[in-house]
Amino acid sequence: MDLSKLTIAQARKDLDAKNYFALELTNAYLENIRAKDKDIHAYLEVWEASAREEAKKADEMIAAGKSKLLTGIPLAIKDNILIDGRIASSASKILEKYRASYDATVITKLKEQGVVFLGRTNMDEFALGSSTENSAYGPTHNPHDPSRVPGGTSGGSAAAVAADMALAALGSDTGGSIRQPAAFCGVIGMKPTYGEVSRFGLMAAASSLDQIGPITKTIEDASTIFNTIRGHDTKDSTSLPDAEVTATTSKKIGVPRAFLKEGMEPDMLAAFEATLEQLKKAGYSIVDIELPALRYALPVYYIINPAEVSTNLARYDGIRYGLSVDAPTIGEVYAKSKAAGFGPETRRRVLVGTFVLSSGYADAYYRKARTVREVIRADFQKAFASVDAIALPVSPTAPWKIGDKADPLSLYAADIFTVSLNLTGSPGISVPSGSVVRDGKQLPVGFQIIAPHRGEETLFAIGADIEKK
Amino acid sequence: MAEPKVDIKALAELARLEVSDAELAKLEKEIPDILHFVEQIQKASGDAAPTSPELRNVMRADENPHETGKYTDKLLEAAPKREGDRIVVQQVVSRKQK
């Protein structure tokens, strides 16, 4: 079975036509994982036995004529999404043995479809990073060049799909964590509108920024997963009311030109321009737009993110779940458990977050950041009055060598083009388009499209036109 | 605004996080660097009145309660220390030792 060209759409046809069984499909992926994952390390745990059981149940559904869009489709799940009874660690030592007590809403929806869960994928600890190097269990390697990072924080999910170790995957995106690893690994990654997909059962990193989304090989597959997992959920208080997501068709895309000079590698910029040319040929008009406050997106993000992270991660205190270090007083139990369980970047974010929220500094940092966040949101709203979508690169640089960005600020700079839409809540997608060469190896480049709130269908429409070439 | 002096040790205590001396030395450089970077937002004009059009109160209807104790065992299984249906913690309030 050639998995390299296989898509969810094709597998659906094949399974329903009984060209092969879901069990055979799952076995093919499990074999690939066994052969390749030693070098890639996309998975933290592979669920061979239960995956085969799920595949057999899917075969029964198909035989009974009850197959749904995702029945028997083998998926990988990021390690911060809860599946009842299974370990979910957020790639942290503090949750090394934690077993989820319930299913995330997205998992409930996937179970109703009869999907096959292959395993849980590596990530930056608690979704804090840009390269999957911050995992407590070692980095994931980029399938296109194993000496390089796969991006992050959903690096395991993106690498698994790119290396045919899963047909598709779920990731989560707080500041680019689906789109950037998808770009680095040459697959499609989509962040839905904030509130479109339930966050119930997603371990919270920064609650006002987090969204779950699909990582797939085609736009059609991304749309299939998105439409399966989205919808209002009474268990998530920021969940949006149900509504149609729409596509606008005036074929006008805005580019914030003034912002593109920010430390972009020349051939990465050239790949971005080439995709714009391709879109022009496909009938789009490309216009310059102004987003004056966009240059503040990265610093605003690196205040709001740690503030929310420090608040959310306070729950890992060694009392209710996770690692607990014995100590004479309860205060020391908290302090020692966190010290033993959190990695360096997590500790750094907790401290920065504590600072920007502390009395005396909260006005200058956290509250000011919230105000500027609204200014950025207003800028986007104004821009969307004249264009259907905004185009940006995903990353200013090609995937770097593992270990090359040891300084936290140089790693933060990698998020410059992705964080703004988490601040505004807009949906965005990364579509592979073009490539660059580093050390004789071809590395994929991602093109990012951003739409107004609930403009997911616009993303898919433009993405499909890029895919056509 | 003036560069704030960051007392990392005090900050770690506020965050209830134990930090080793070796890490403290590293953080004393890294955290001011990060704060210095994010401070550029001070230059942004923030006169635009904060709008939060998307915010609304969300309440779930108080109905269909599950039976008492249905999830107790499952949730307690995750606790590091347990005694019956309780999570065991160190004493929180105590008398000063003589």
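Chain B contains three helices and two strands (DSSP runs of H or I with at least four residues for helices and of E with at least two for strands, numbered from the N terminus). The model is predicted: local features need pLDDT of at least 70 and side-chain atom pairs count only at pLDDT 80 or more, while totals for chains, interfaces and linings use all residues. Residues are numbered from 1 along each chain as its sequence is written, and chains are lettered from A and ligands numbered from 1 in the order in which they are written. Along the sequence, the elements of chain B follow the order α-α-α-β-β. Of its 98 residues, 13% are buried (20 or more other C-beta atoms within 10 Å of the residue's own, with C-beta atoms placed from the backbone).

Contacts (C-beta atoms, placed from the backbone, within 7 Å) link 47 residues of chain A with 39 residues of chain B. On the side of chain A that touches chain B, helices H9, H10, H11, H12 and H13 each supply at least two residues. H12(A) gives the most, with 10 residues.

Within chain A, eight of the 10 residues of strand S11 (residues 441–450) are buried, so this strand is largely enclosed by the rest of the structure. Strand S10 (residues 428–438) of chain A is joined to S11(A) by nine bridges in an antiparallel arrangement, and A:Ser435 stands opposite A:Pro444. In the hairpin of these two strands, which has two residues between them, A:Asp439 takes a positive phi near 50 degrees. S11(A) also runs antiparallel to strand S9 (residues 389–393) of chain A, with four bridges; A:Ile449 is the bridge partner of A:Ala391.

How values were computed
A residue is buried if 20 or more other C-beta atoms lie within 10 Å of its own, exposed if 12 or fewer, and partly exposed in between; C-beta atoms are placed from the backbone. Two residues are in contact if their C-beta atoms, placed from the backbone, lie within 7 Å. Two strands pair if DSSP finds at least two bridges between them.
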